[in-house]
Number of protein chains: 4
Amino acid sequence: MNMAERDQDKTRVPRQRRSVETKQKIVAAALKLFSEKGFHATNTKAIAKEAQVAVGSVYSYYTDKMEIFKDALALFHEHFSEILRSHGALRLNASQNKRELIRDVIETVIKAHEVDPGFHREMNIMALSYPEVKDMAEKELRFFFKMTARLLRSWQPEIRIRDPEAAATVIILAANSIVEAVAFGGTGIGRERLVEATVDMLHHYLWPQEASQAIDVSPETE
Amino acid sequence: MNMAERDQDKTRVPRQRRSVETKQKIVAAALKLFSEKGFHATNTKAIAKEAQVAVGSVYSYYTDKMEIFKDALALFHEHFSEILRSHGALRLNASQNKRELIRDVIETVIKAHEVDPGFHREMNIMALSYPEVKDMAEKELRFFFKMTARLLRSWQPEIRIRDPEAAATVIILAANSIVEAVAFGGTGIGRERLVEATVDMLHHYLWPQEASQAIDVSPETE
Amino acid sequence: MNMAERDQDKTRVPRQRRSVETKQKIVAAALKLFSEKGFHATNTKAIAKEAQVAVGSVYSYYTDKMEIFKDALALFHEHFSEILRSHGALRLNASQNKRELIRDVIETVIKAHEVDPGFHREMNIMALSYPEVKDMAEKELRFFFKMTARLLRSWQPEIRIRDPEAAATVIILAANSIVEAVAFGGTGIGRERLVEATVDMLHHYLWPQEASQAIDVSPETE
Amino acid sequence: MNMAERDQDKTRVPRQRRSVETKQKIVAAALKLFSEKGFHATNTKAIAKEAQVAVGSVYSYYTDKMEIFKDALALFHEHFSEILRSHGALRLNASQNKRELIRDVIETVIKAHEVDPGFHREMNIMALSYPEVKDMAEKELRFFFKMTARLLRSWQPEIRIRDPEAAATVIILAANSIVEAVAFGGTGIGRERLVEATVDMLHHYLWPQEASQAIDVSPETE
DNA sequence: GATGAATGAGGTTTCATTCAT
DNA sequence: CATGAATGAAACCTCATTCAT
């Protein structure tokens with residue numbers, strides 16, 4: 001394996017079980033601290049301490065503090081995807097009630113965000129400052145774009161979207177920013193109302209006819 | 001004049017005004033550097049140098065590096081609002097073509113972002129880390145929520161939005177995140193397609209009837 | 001001045017008198033410690049302490065520990081040359097007794113070495129490890145080569161040297177290594193005997209006739 | 001053996017053949033790395049790796065990194081002497097042409113240096129810093145002093161040296177420093193010219209009459 | 001008021017050595 | 001006996017902030 005080759009002499013490639021466990025302890029500790037206090041406010045000593053390991057050990061698994069972050073990010077993405085999968089966000093089909101479908105998706109994404117809102121925030125920070133992190137985060141995000149685009153295309157021609165890729169991107173970005181607003185607050189509007197408005201917006205976007213009727217049927221709610 | 005007497009041999013500039021100018025030089029310098037290299041990578045010495053002032057002087061105007069940032073942020077918000085205002089983003093009325101109206105707004109916001117994308121990014125970073133900055137940024141954002149909500153309400157009942165405040169928030173958040181994606185790239189979709197999709201989404205959300213017809217009129221575009 | 005330009009933001013260019021004094025205190029302290037304990041065994045904290053200055057101050061005058069060393073080396077060279085000059089090593093002329101002349105030169109060089117044998121040693125160590133130091137040391141050495149070559153040429157044709165440059169180099173190198181042996185001991189032969197033998201060697205090399213006669217005149221010494 | 005007694009339970013005294021081989025692999029690896037990158041830049045992990053042995057094993061043969069160096073130094077001296085011996089540097093006799101004899105010796109020493117110039121340099125560095133290493137290096141050097149002195153004495157009274165021991169020391173030191181200059185460059189004079197000048201110097205020192213004639217015979221060369 | 005020299009805590013990283021497996 | 005994981009002191013360097021001039 002050329003991975004092993006490249007890291008040779010610098011970072012340890014876990015061979016023994018103990019070693020594997022130590023590395024896991026370190027990422028776990030780092031994920032926790034980055035999430036709580038952010039990257040810059042977390043020093044290597046603290047990571048080592050949290051992992052109950054000597055500072056030197058940290059550096060035998062990682063060349064760099066940044067390297068630890070990247071591993072933590074990968075771990076975070078795993079957790080995140082796991083949530084999405086387990087909540088069945090992807091076994092959607094157009095047969096169910098459209099509003100419920102949209103709401104389900106949004107709620108699931110909120111759930112996923114709530115697993116570790118702190119780290120999510122830190123990921124955003126880091127992505128803005130470090131291209132490498134940006135790339136990782138974007139790669140993950142594009143995966144969702146792709147998934148969504150495929151979904152939209154599968155729903156054609158029932159929904160009449162002109163540019164499924166762009167639409168998927170816009171939907172994900174919008175949903176994401178609203179989910180973040182829900183997670184971190186600060187809008188002054190409660191969670192329920194924001195979700196409802198978002199559902200409305202997407203409903204109209206994707207199934208205009210049905211959405212328009214829905215308004216006629218139940219006007220003046222709230 | 002006894003004023004002249006008191007200031008003897010330094011009569012050039014009144015004390016007060018010079019002081020104000022110095023402070024302005026400092027913020028301006030800071031804004032520039034924060035925007036270029038970020039908060040953490042900009043040290044006070046560099047700010048002083050850029051402002052052509054001694055380090056000590058910086059600390060006689062500001063207690064803290066953070067204090068400087070907050071002032072820079074305020075200045076940035078001024079610039080930002082100025083752009084929006086000068087581009088007339090807010091003298092909208094429902095009479096013009098709806099798609100054009102939406103597109104205008106979005107383009108204006110993109111313009112405003114483009115004034116200083118670097119600082120915008122840094123503002124986001126800082127907002128995520130420092131509650132005080134977050135508060136400032138949110139306060140500004142809520143202003144836009146309010147403005148938008150008022151606008152939406154003024155368009156009622158032509159548009160039949162159930163909860164104008166929540167809708168305004170959702171619209172601004174969505175628009176904002178898409179604008180950022182346009183500014184920083186990374187989606188893999190070009191600017192035009194993203195804008196078009198966003199316009200579509202908002203068009204359907206706000207003027208469902210008209211939007212549906214638009215699709216019927218010019219189908220299979222793109 | 002482009003020097004000032006280049007160093008800008010990183011190292012301080014002493015402007016005030018206090019500043020100049022501080023920088024001098026630092027080199028002096030460094031010279032002392034490098035000489036006593038060597039470069040690697042001297043840490044920046046110790047230098048700061050010896051100079052009665054904060055660590056940070058050291059780094060406002062020097063980017064690097066190595067930079068300090070180079071400055072110390074320059075200072076050392078100044079001291080060294082000063083000794084040579086004050087001992088009149090270079091107002092040699094061929095008129096005086098040749099053996100005495102050679103002995104004078106050698107004794108002077110020994111004196112110069114004795115000013116700071118520790119640093120001399122360290123200079124050699126560093127020269128072997130760091131090309132930049134090697135260059136500095138060699139530059140100084142070549143100056144002596146040049147001086148000596150000029151002297152030899154001025155003595156032609158009385159002395160019949162085939163290649164004055166090479167001869168000068170060989171003489172300086174030989175003298176130097178013997179002087180070092182005298183300074184650091186380890187040969188098992190006393191200082192006087194080494195100097196005498198060296199004088200003999202150079203005497204024979206430069207003034208063969210005279211040297212041969214000298215042997216005939218005082219044979220079987222020792 | 002009380003040697004074994006003394007070292008017991010700290011460092012292993014190789015008893016079995018495999019053990020001996022392991023120790024040899026370690027020194028060999030160390031010699032190579034020290035020579036290439038120097039003592040300080042070579043870490044124990046690298047030595048272990050190069051020797052294809054675990055770090056812990058290194059420490060069961062050696063108490064210390066320095067201990068390894070000392071062993072490497074001894075090995076180096078063996079190689080060095082081996083070269084000298086095999087090139088017959090010591091089966092000199094006064095019957096052959098004197099200039100050729102001197103040149104032969106010098107060329108042989110250069111050859112010996114060229115076996116491992118890197119380690120030679122490192123030995124010098126270490127000798128200057130660590131008394132123990134200095135002692136080892138000097139012990140070896142004195143061996144050459146002794147050999148040379150014996151040679152000189154055997155050539156008496158043909159050569160009329162007053163103090164053979166001192167002369168031998170001076171000759172070896174001079175030759176050594178010139179050889180080093182040839183090996184590491186930096187004098188600005190080419191190898192051939194330096195060797196020639198050295199031969200001249202020693203020729204005049206040891207066989208004044210013959211050397212003087214040589215000059216008369218072939219004047220104005222170069 | 002202004003200047004810029006001085007401070008020193010704190011951060012990241014290395015590596016010789018020990019020790020559990 | 002070998003292995004290689006773990007240790008932690010110690011090194012270098014940065015920079016927000018203070019303070020003498």
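The side chains of R193(A) and E165(B) meet in a salt bridge, 3.9 Å from N to O. A salt bridge here is a side-chain nitrogen of Lys or Arg within 4 Å of a carboxyl oxygen of Asp or Glu. By that rule, six salt bridges span the interface of chain A and chain B.

This is a predicted model: local features need pLDDT of at least 70, side-chain atom pairs count only at pLDDT 80 or more, and totals for chains, interfaces and linings use all residues. Residues are numbered from 1 along each chain as its sequence is written, chains are lettered from A and ligands numbered from 1 in the order in which they are written, and side-chain values use heavy atoms, with hydrogens and water left out.

**Interfaces**

The size of an interface is often given as the accessible area lost when the parts come together. Buried area is the accessible area (1.4 Å probe) that two parts lose on being put together, summed over both. Contact means heavy atoms within 4.5 Å.

L128(C), R162(C) and M201(C) supply 18% of the area that chain C buries against chain D, more than any other three residues. R162(C) also pairs with D200(D): their side chains meet in a salt bridge, 2.9 Å from N to O.

**Helix packing**

Helices are DSSP runs (H or I, at least four residues), numbered from the N terminus. Axes are lines fitted to C-alpha atoms, for helices over the stretch in contact, and angles run from 0 to 180 degrees between N-to-C directions.

In chain A, the axes of helix 5 (residues 65-86) and helix 7 (residues 117-129) come within 11 Å and cross at roughly 130°. Helix 5 of chain A and helix 7 of chain A are therefore oblique to each other. Angles under 35 degrees count as roughly parallel, over 145 as roughly antiparallel, 65 to 115 as roughly perpendicular and the rest as oblique. Helix 5 of chain A contributes residues including F69(A), F76(A) and F80(A) to the contact, while helix 7 of chain A contributes residues including F119(A) and M126(A). By class, this contact has nine nonpolar, two polar and one charged residues. Ala, Val, Leu, Ile, Met, Phe, Trp, Tyr, Cys and Pro count as nonpolar, Asp, Glu, Lys and Arg as charged, and the others, Gly among them, as polar.

In chain B, helix 9 and helix 10 (residues 191-206) pack at about 170°, with their axes 10 Å apart. That makes helix 9 of chain B roughly antiparallel to helix 10 of chain B. Among the residues in contact are I171(B) and I178(B) of helix 9 and L194(B) and M201(B) of helix 10. The classes are 10 nonpolar, one polar and one charged.

**Backbone**

The peptide bond from Q156(B) to P157(B) is cis, with omega near 0°. P157(B) sits in the loop between helix 8 (131-155) and helix 9 (164-184) of chain B. In chain C, the bond from Q156(C) to P157(C) is cis, with omega near 0°. Q52(A) has phi near 55°, a positive value in a residue other than glycine. Q52(A) lies in the loop between helix 3 (44-50) and helix 4 (55-61) of chain A.

How values were computed
Helix = DSSP H or I, 4+ residues; strand = E, 2+ residues; numbered from the N terminus.
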